[in-house]
Amino acid sequence: MIVTTTNDIEGYRVTGYYGIVFGEVITGINFLRDFGAGLRNIVGGRSQGYEEELTQARTEALREMEQRAGELGAHAVIGVDIDYEVLGQGNMLMVTASGTAVTVAQA
């Protein structure tokens, strides 16, 4: 499955459109990561716990989007966009990946 933020894939032409596909992940940030991030906020530096959680949520959202595109018969997802949103009291993270599912053929 080709996944790209562009609307074209070099060397390929779009042969069919299957519509917009999404992958959504909502994840909670646990107490220990919050505590560690709070300490990092005081002393400075990057929050490895939050970064790992964000990376995992993004990977899962993209995987879910690809799976949905594949179920439609698509070969690729073009125009991919990833959005991040904090939910609740700041302890929930939503990551959404969206794009257009298409079939492609070599040009």
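1. Start with Thr103 and its surroundings. Contact here means heavy atoms within 4.5 Å. Leaving aside neighbours within four places in sequence, Thr103 is in contact with Arg13, Val14, Thr15, Gly16, Tyr18, Gly73, Ala74 and His75. Thr103 is found in strand β4; helices (H or I, at least four residues) and strands (E, at least two) are DSSP runs, numbered from the N terminus. Is Thr103 buried or exposed? Its relative accessibility is 8%, so Thr103 counts as buried. The cut-offs are these: buried is under 20% relative accessible area, exposed is over 50%, and partly exposed lies in between (1.4 Å probe, protein chains only).

2. A word on what you are looking at. This is a predicted model, in which local features need pLDDT of at least 70 and side-chain atom pairs count only at pLDDT 80 or more, while totals for chains, interfaces and linings use all residues. Residues are numbered from 1 along each chain as its sequence is written, and side-chain values use heavy atoms, with hydrogens and water left out.

3. Next, confidence. pLDDT is the predictor's confidence in each residue, from 0 to 100. The protein chain averages 85, and 79% of the residues score at least 70. Which element has the lowest mean pLDDT? That is helix α1 (residues 31–43), with a mean of 48, whereas strand β1 has the highest, 96. Please keep that value in mind when you look at helix α1.

4. Now the overall layout. The chain has 2 helices and 4 strands, and along the sequence they follow the pattern β-β-α-α-β-β. Of the 107 residues, 29% count as buried. Among contacts with a separation of 6 or more, 77% are between residues 24 or more positions apart.

5. The sheet deserves a careful look. Two strands pair if DSSP finds at least two bridges between them. The 4 strands form an open sheet in the order β1-β3-β4-β2, with mixed pairing. Strands β1 and β2 (12–28) stand at the edges, each with a single partner strand, so one side of each is left without a neighbour in the sheet. As background, strands of a sheet pair through backbone hydrogen bonds, either parallel or antiparallel.

6. You can trace the pairings one by one. Strand β1 (residues 2–3) pairs with β3 (residues 76–87) in the parallel sense over 2 bridges, and Ile2 has Ala76 as its bridge partner in β3. Strands β3 and β4 (residues 92–106) run in the antiparallel sense, with 10 bridges; here Thr100 is the partner of Ile78.

7. Not counting residues up to four places away in sequence, Tyr18 touches Leu72, Gly73, Ala74, Ala101, Val102 and Thr103. How many residues apart in sequence are Tyr18 and Ala74? They are 56 residues apart, yet their C-alpha atoms are 7.1 Å apart in space.

8. A nonpolar core is a set of buried Ala, Val, Leu, Ile, Met, Phe, Trp, Tyr and Cys residues joined through side-chain atoms within 4.5 Å. The largest has 13 residues, of which Val21, Ala61, Met65, Ala69, Val77, Val95 and Ala101 touch the most other members. Strands β2, β3 and β4 and helix α2 (48–72) each supply at least two residues of this core. A second, separate core of 5 residues includes Ile9, Ile78, Val102 and Val104.

9. Finally, the charged side chains. A salt bridge is a side-chain nitrogen of Lys or Arg within 4 Å of a carboxyl oxygen of Asp or Glu, and the structure holds 2 of them. In one, Arg68 meets Glu24, with the closest N and O atoms 3.2 Å apart. This pair links distant parts of the chain, since Arg68 is in helix α2 and Glu24 in strand β2, 44 residues apart. Arg68 also pairs with Glu64 (3.1 Å, N to O); both lie in helix α2, 4 residues apart, about one turn of the helix. The shared partners join Glu24, Glu64 and Arg68 into one network. Glu64 is partly exposed, with a relative accessible area of 22%.
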